[in-house]
Amino acid sequence: MRALFLGNVAADTANGVRAELPPELEIEIVADPKELTPKAAAATDILVTNIWRTDYPPALRIALVQSVATGIEWIEQAALPRGIPICNAYGHETAIAEYVLMVMLAWSHRFREIESDFRLRSSWAPSWVKSGAPHGEIRGSTLGIVGLGRVGREVARRAAAFGCHILAANRSPRETGDGVERIYPLATLDEMLPLCDTVAICTAFGPETERLFDARRLARMKPTAFLVNIARGAIIDEDALYATLRDGTIGGAAIDVWWQYPDPAEPERRGSRHPFHELPNIIMTPHCSGWTAGMVRRRWDEIAENLRHFVKGEPLINVVTTT
Amino acid sequence: MKVLFLGGFAASQVEWIAPAIESAVEIGVFTDEHDHARMAAALSDAEIIVTEAWRAGMPPASRLKLLQLPVAGTDGIDRAALPSGVTVCNAYGHEIAMAEYAVMAMLVWSHRYFDIALAFRGGSWRDSGVMNGPLHRELRGLTVGIVGLGQVGRETAIRAAALGCHVVGANRTIGEPPQGISEAFPLAELDRMLPLCDVVVLCVGLAPETRGLIDRRRLALMKHDALLINVGRGPVADEDALYAALRDGTIGGAALDVWWQYPNAAEPARSPSRQPFHELPNVVMTPHCSAWTDGMARRRGADAARNIDRFIRGEKLLHVVAQS
């Protein structure tokens, strides 16, 4: 049986999990998909990757696609044999929950501005010694979590220890707990938004969540509200968010996921067609909220476990869909 | 009864304290600490004074009974200069803001937030997961050592523990470890705790036993990639030794909110240290503002007001720090 690890993330994964795989599994690593040969594609039983496209060579023997990421939207299912499972991997929820708390804290404490003014200009203005204007704290603020899955739960658990009030909106019914005081059906999101000081988007991307945050919903948020997106860029309407932040309709945003990504032709491509980087009220990071050593270790463990299950004919974990 | 807010800082706290006082009081405000002639008149009939600074050479305040600090720190009060029969009380409410700051500094450090955000604003995707960039670190699983298990230390421990840190602490006196803390060391055994910690948080005030506590020898006991956070008082860490340790990579980095020197009228933008900490890439620095939140001002104002009410009603006072 042959497993093809395709792409640079999968290439690292292969080296990380190799020792935990059954010896009978042959491993082929192709870090750059442009170098994938028709022969290697045709001989593949298990595809481990984060990308698969219709213009790749045919791979008719593939019986399992193991994604090295949680989202599988870059794997084009039309280019795969029918009826095979696509599994994903998690392990990122701790890292992302830490990121959400970090940006909430940094935003309310005005950490980056205060730090940079002090470092560059020795400005004591925000200090008690100058009786400066106080900054905020997150204790007592209301956090609304959109999507109470693995990431949303971990965010709730941490925010509760900081004394936040926690609301959540979810498509399907969920139990309260982990500090969540009330759960709104996603269809009634409009009722939750005006109550929140922070809204954290932690939901999966799909037809019901594409452009969930449009101009109308953004306008329902508090004028001081802080919007965090660690899920997928397209859940927020790009034009509407830019206008909202530029015009100060909401207070600010932390954006880790984008509407467009770099490619070999344009390695420094901006994440949006709008100049978000010129706005002072946005925290922007390059899709790295989950990108920690702890995440990789947990994810490798899950991927190795699933490949062992497949080789032995045992039930798979993390099956997202069947082609 | 008259409550006199004395000095510029106390005057800035009137808006948080005065509305929270329930008893009928007359509020007096005296801002100019250098005008001793007019200050003498203001002090002569004051039974309650709100100030954080009391120095030798102040005009007599013979009727003074309660000196209510609008802050926690008592280092501005010269106890020997107080008239007799005065109870000095401080006020709290800062511990939550400072605990948030400490955990924020840990997160920003381990997730390399400043560095990543700056590069990305400039257009670089080098730290992205989709580009298979360098991994950063999680807080979960790290060992956090808290020096000083007072209110700030305990609130920090609760939050760090909720993030999955292994939290230990050191304190002058130890009893049952507070919530979130798995092991408490006597301060005299700090040397045993330091080598265990990925993050060390200084939450102690300045006292003879804490001045210079973190010196060259103790910095060398810390892990080479450890983060030192100081929200206590600057001189708890030895200025020259800390600068050298950060410059030479003896420890990984520092988040410093408290300093060795402060601005004054002659030097409003005075550098916080004689060493150029601002040139070091592994330092996060803020101007003594970790506690300076709206929530702190509200809680502390309410705390001071409650004590003023207790004094007027003849009830037991809270947070008594000295009696002259």
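## A buried arginine

At 1% relative accessibility, B:Arg159 counts as buried (buried means under 20% relative accessible area, exposed over 50%, partly exposed in between, with a 1.4 Å probe and protein chains only). This is a predicted model, in which local features need pLDDT of at least 70 and side-chain atom pairs pLDDT 80 or more, while totals for chains, interfaces and linings use all residues. Residues are numbered from 1 along each chain as its sequence is written, chains are lettered from A and ligands numbered from 1 in the order in which they are written, and side-chain values use heavy atoms, without hydrogens and water.

B:Arg159 sits in helix H6 of chain B (helices are DSSP runs of H or I with at least four residues, strands are runs of E with at least two, and both are numbered from the N terminus). Which residues does B:Arg159 touch, leaving out those up to four places away in sequence? From chain A come A:Arg139, A:Ala161 and A:Phe162. From chain B come B:Ile96, B:Ala99, B:Glu100 and B:Val103. Contact here means heavy atoms within 4.5 Å.

## Helix H6 of chain B

Helix H6 of chain B covers residues 151-162, 12 residues in total. From first C-alpha to last, H6(B) reaches 17 Å, close to the expected 16 Å (the expected span is 1.5 Å times one less than the number of residues). Its buried residues are B:Val152, B:Gly153, B:Thr156, B:Ala157, B:Arg159 and B:Ala160. The cover over them includes helix H5 (150-161) of chain A. Just after the helix, B:Gly164 takes a positive phi of about 85°.

B:Arg159 also has a charged partner. The side chains of B:Glu155 and B:Arg159 meet in a salt bridge, 2.8 Å from N to O (the rule asks for a side-chain nitrogen of Lys or Arg within 4 Å of a carboxyl oxygen of Asp or Glu). The two residues are 4 apart in H6 of chain B, about one turn of the helix. B:Glu155 is partly exposed, at 22% relative accessibility.

## Where the chains meet

In chain B, 66 residues are in contact with 68 residues of chain A. Together the two chains bury about 6,000 Å², with 64% of it on carbon and sulfur atoms (buried area is the accessible area, by a 1.4 Å probe, that two parts lose on being put together, summed over both). B:Arg121, B:Trp125 and B:Trp292 supply 14% of the area that chain B buries against chain A, more than any other three residues.

How many salt bridges does the rule find across the interface of chain B and chain A? It finds 2. B:Glu138 forms a salt bridge with A:Arg298, the closest N and O atoms being 2.6 Å apart.

## Salt bridges within a chain

Over all chains, the whole structure holds 45 salt bridges. One of them joins A:Asp117 and A:Arg121, at 2.6 Å from N to O. These residues are 4 apart in helix H4 (residues 111-121) of chain A, about one helical turn. A:Asp117 is partly exposed at 27%, and A:Arg121 is exposed at 54%.

Another pairs B:Asp198 with B:Arg137, with the closest N and O atoms 3.6 Å apart. B:Asp198 lies in the loop between helix H7 (190-193) and strand E9 (199-202), and B:Arg137 in the loop between helix H5 (113-121) and E6, all of chain B, so the pair ties together parts that are 61 residues apart in sequence. B:Asp198 is buried at 8%, while B:Arg137 is partly exposed at 30%.

## The sheet of chain B

Chain B has an open sheet of 7 strands, in the order E8-E7-E6-E9-E10-E11-E12, with parallel pairing (two strands pair if DSSP finds at least two bridges between them). E8 (181-186) and E12 (283-285) stand at the edges with a single partner each, so one side of each lacks a neighbour in the sheet. Neighbouring strands are turned by 15° against each other on average, direction ignored (axes are lines fitted to C-alpha atoms, for helices over the stretch in contact, and angles run from 0 to 180 degrees between N-to-C directions). Strand E11 (residues 253-256) is joined to E12(B) by 3 bridges, in parallel. There, B:Ala254 stands opposite B:Val283.

## The mixed sheet of chain A

Chain A has an open sheet of 6 strands, ordered E2-E1-E3-E4-E5-E13, with mixed pairing. Its edges are E2 (26-30) and E13 (319-322), each with a single partner strand. Neighbouring strands are turned by 20° on average, direction ignored. Helix H1 (residues 8-17) of chain A packs on this sheet, touching E1 (2-6), E2 and E3; its direction makes about 130° with that of E1(A). Helix H9 (residues 293-312) of chain A lies across E1, E3, E4 and E5 (85-87), running at about 170° to E4(A).
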